[in-house]
Amino acid sequence: MTTFDGTGLDSGTDLDRTEVDAAIHAVMAEVDTTFTWDYERSRPGLSRLYEKAKGSQWNATTDLDWSVDVDPERVAADLGGGSPAGRFAHLATHPESPVRHFGDAEWSEVGIELQNSILSQFMHGEQGALLCTARIVETVPWVDAKYYASTQVMDEARHVEVFARYIDEKLGGQYPINANLKALLDDILADSRWDITYLGMQIMVEGLALAAFGFMRQMTTEPLLQDLLRYVMSDEARHVAFGVLSLQELYRELTDAELRERQEFAFDAAVRLQQRFRNIEVWERMGADPDAVVEFLDTHSHEQADVFQTMLFSKIVPNCKKLGLLDASGGWLRERFTDIGVIQFEDWVDTSEEYESLDEVAADRAG
Ligand SMILES: [Fe+2]
Ligand SMILES: [Fe+2]
């Protein structure tokens, strides 16, 4: 098999080749691209979601006001909940901190770098979502799900577009993809089971993104970022609902052993997502020893657990519960989520219906 990837190289046969053009990254996968001859609209939940998606499309070029001036330092301060030195009070002042020598200028730089890194990772994650939903169109055997997934492909293209443009025009500092996020996206895309694409992307990656966007939207006072997040969240809420509605049906039929495989996949994804927020690359860019910083944070920050890091799981945990994944196989995933300190979210609102209330696009048009 020869794949033209723009580098002129055969990426299909030489898995270990050095990526001559670092702008391209190929993931090998063997999947069944499935037709279905059953065109009956038998899944009303997915059907409703599809109608909603058709009516709530927006145009990133004309629906957002790109003319505003953005002050990256101000955005960083908002997102950090004040000065970065305040947010990392322990790191800034503790005598054993590896970065205790940082002054105000360095801490302000940390804030800007953190924000550029976080938004860059969301941009890369959005591209992962674009590829995953294109995959779901091909592999899911239900016609209602193929219809819906096709709308999500368009949504995700728009999300990549808005994050790339915001970073490029307003912040000006892109980060390459984080190693943990990249490994997770690769694993999701390399898996041949169609439900794993959903579980990895719709439930885990998008569940985390929805929670993070909600948090960022509350923190920021920058009008363009606020609007951008409001609209992206309207779409993301549908995407997570799509995952819950689809997998709920499938997972009712699976054996305990099959569910256990899904639990392990979900937990592995959770750990990698958590690690990606350790921002190794930021500490590196700041000239600090990232391992020393992470170790310091691990040993000194447990009493004042980072609200942002914990909130990231506020959608994932209730959605896993709704899918029956918390308590299958002797409560394996419940125990793991308890260990990493996120089980308290299990009874928070799950995302199967929440998309109606988060549809800011429809609200703006009605208003
Ligand atoms: Fe997205
Ligand atoms: Fe999404």
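A nonpolar core is a set of buried Ala, Val, Leu, Ile, Met, Phe, Trp, Tyr and Cys residues that are joined through C-beta atoms within 7 Å. In this structure, which is a predicted model, the largest nonpolar core has 91 residues, and those with the most contacts inside it are Met-204, Leu-208, Leu-228, Ala-266 and Cys-320. In soluble globular proteins, nonpolar side chains tend to be buried together. One of the residues with the most contacts inside the core, Leu-228, touches Leu-64, Val-162 and Tyr-166, when residues up to four places away in sequence are not counted.

## How pairs of helices meet

| Helix pair | Axes come within | Crossing angle |
|---|---|---|
| α1 (residues 44–55) and α10 (residues 223–251) | 10 Å | roughly 165° |
| α3 (residues 72–79) and α6 | 8 Å | roughly 85° |
| α11 and α16 | 9 Å | roughly 5° |

How are α1 and α10 oriented to each other, roughly parallel or roughly antiparallel? Their axes cross at roughly 165°, and because angles over 145 degrees count as roughly antiparallel, α1 and α10 are roughly antiparallel to each other. The crossing in which α1 passes α10 is left-handed. On the α1 side, Gly-45, Leu-46, Leu-49, Lys-52 and Ala-53 take part, and they meet Arg-238, Ala-241, Phe-242 and Leu-245 of α10. Sorted by class, this contact of α1 with α10 has six nonpolar, one polar and two charged residues. An α-helix has 3.6 residues a turn, so residues three or four places apart point the same way.

The axes of α3 and α6 cross at roughly 85°, and that makes α3 roughly perpendicular to α6. From α3, the residues Pro-72, Glu-73, Val-75, Ala-76, Ala-77 and Leu-79 meet Ser-108, Gly-111, Ile-112, Leu-114 and Gln-115 in α6. By class, the contact of α3 with α6 has seven nonpolar, three polar and one charged residues. Within α3, the residues Val-75, Ala-76, Ala-77 and Leu-79 are buried, and the buried residues of this helix pack against α6, α9 (194–219) and α10.

For α11 and α16, the axes cross at roughly 5°, and that makes α11 roughly parallel to α16. The contact is made by Asp-256, Leu-259, Arg-260, Gln-263, Ala-266 and Phe-267 of α11, together with Ala-328, Ser-329, Trp-332, Leu-333 and Arg-336 of α16. The residues of this contact of α11 with α16 divide into six nonpolar, two polar and three charged. Ala-266, which belongs to this contact, is also among the residues with the most contacts inside the largest nonpolar core.

Most residues other than glycine have a negative phi. Ser-329, although it is not a glycine, has a positive phi of about 50°. Ser-329 is found in helix α16 (residues 328–339), and it is partly exposed, with 18 other C-beta atoms within 10 Å. Asn-279 is likewise not a glycine and has a positive phi of about 55°. Asn-279 is found in the loop between α11 (256–276) and α12 (280–285). Is Asn-279 buried or exposed? With 23 C-beta neighbours inside 10 Å, Asn-279 counts as buried, because the cut-off for a buried residue is 20 or more.

## Positions in sequence and in space

Ala-60 has its place in helix α2 (residues 60–63) and is partly exposed, with 19 other C-beta atoms within 10 Å. When residues up to four places away in sequence are not counted, Ala-60 touches Arg-158, Glu-161 and Val-162. Ala-60 and Leu-114 are 54 residues apart in sequence, and their C-alpha atoms are 25 Å apart in space.

Leu-131 lies in helix α6 (residues 104–139) and counts as partly exposed, with 17 C-beta neighbours inside 10 Å. Leu-131 and Thr-197 are 66 residues apart in sequence, and the distance from C-alpha to C-alpha is 10.0 Å.

Lys-182 lies in helix α8 (residues 179–190) and, with 18 C-beta neighbours inside 10 Å, counts as partly exposed. Lys-182 and Phe-213 are 31 residues apart in sequence and, C-alpha to C-alpha, 20 Å apart in space.

Conventions
Residues are numbered from 1 along each chain as its sequence is written. Chains are lettered from A and ligands numbered from 1 in the order in which they are written. This is a predicted model: local features need pLDDT of at least 70, side-chain atom pairs count only at pLDDT 80 or more; totals for chains, interfaces and linings use all residues. Helices (H or I, at least four residues) and strands (E, at least two) are DSSP runs, numbered from the N terminus. A residue is buried if 20 or more other C-beta atoms lie within 10 Å of its own, exposed if 12 or fewer, and partly exposed in between; C-beta atoms are placed from the backbone. Axes are lines fitted to C-alpha atoms, for helices over the stretch in contact, and angles run from 0 to 180 degrees between N-to-C directions. Angles under 35 degrees count as roughly parallel, over 145 as roughly antiparallel, 65 to 115 as roughly perpendicular and the rest as oblique. A crossing is left-handed if the near helix is turned anticlockwise from the far one by less than a right angle, and right-handed if clockwise. Two residues are in contact if their C-beta atoms, placed from the backbone, lie within 7 Å. Ala, Val, Leu, Ile, Met, Phe, Trp, Tyr, Cys and Pro count as nonpolar, Asp, Glu, Lys and Arg as charged, and the others, Gly among them, as polar.
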